[in-house]
Amino acid sequence: QVQLVESGGGSVQAGGSLRLSCAASGRTITSYNMGWFRQAPGKEREFAAAHSWSGGRVYYADYADSVKGRFIISRDNAKNTVYLQMNSLKPEDTAVYYCAAADRSLPRVLTSTPDRYNYWGQGTQVTVSS
């Protein structure tokens, strides 16, 4: 099993940036496809970004249309940590952000589906004011 702990959330004005971190323990993240999801009050959890294994040394990065061009997902396998760099933040980005892990055999096409992930962090709050 892998344990995930998010950090880096906070309050920022529109147009600002934050970098979220997801520190993993228990197992190496090389065994997993990693995703970031978010949930705003009264809304369902939604996909933000995923970092999936290509079968070699390359990872695919995929994004929800709402964050494409503004958010960047990356991982540092040596630090066993996944990041979400969030730029040009908007008030509608306000949500609790969750890191999640799924076995790396999960097909890329399914990495945007929350139910496909087995492990979740506790979440970190991001608040963007206008």
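Close-up 1. At 1% relative accessibility, aspartate 93 counts as buried (buried means under 20% relative accessible area, exposed over 50% and partly exposed in between, with a 1.4 Å probe and protein chains only). The model is predicted: local features need pLDDT of at least 70, side-chain atom pairs count only at pLDDT 80 or more, and totals for chains, interfaces and linings use all residues. Residues are numbered from 1 along each chain as its sequence is written, and side-chain values use heavy atoms, with hydrogens and water left out. Arginine 70 forms a salt bridge with aspartate 93, with the closest N and O atoms 2.7 Å apart (a side-chain nitrogen of Lys or Arg within 4 Å of a carboxyl oxygen of Asp or Glu). Arginine 70 is also buried, at 9%. A salt bridge also joins arginine 38 to aspartate 93, the closest N and O atoms being 2.9 Å apart. Because arginine 38 lies in strand S4 and aspartate 93 in the loop between S8 and S9, this pair ties together parts 55 residues apart in sequence (strands are DSSP runs of E, at least two residues, numbered from the N terminus).

**Close-up 2. Arginine 38 and glutamate 46.** The closest N and O atoms of this salt bridge are 2.6 Å apart. Arginine 38 is buried at 5%, whereas glutamate 46 is partly exposed at 35%. Shared partners join Arg38, Glu46, Arg70 and Asp93 into one network.

**Close-up 3. The open sheet.** Four strands form an antiparallel sheet in the order S1-S3-S8-S7 (two strands pair if DSSP finds at least two bridges between them). The edge strands are S1 (3-7) and S7 (71-76). Six bridges join S7 to S8, and isoleucine 72 has glutamine 85 in S8 as its bridge partner.
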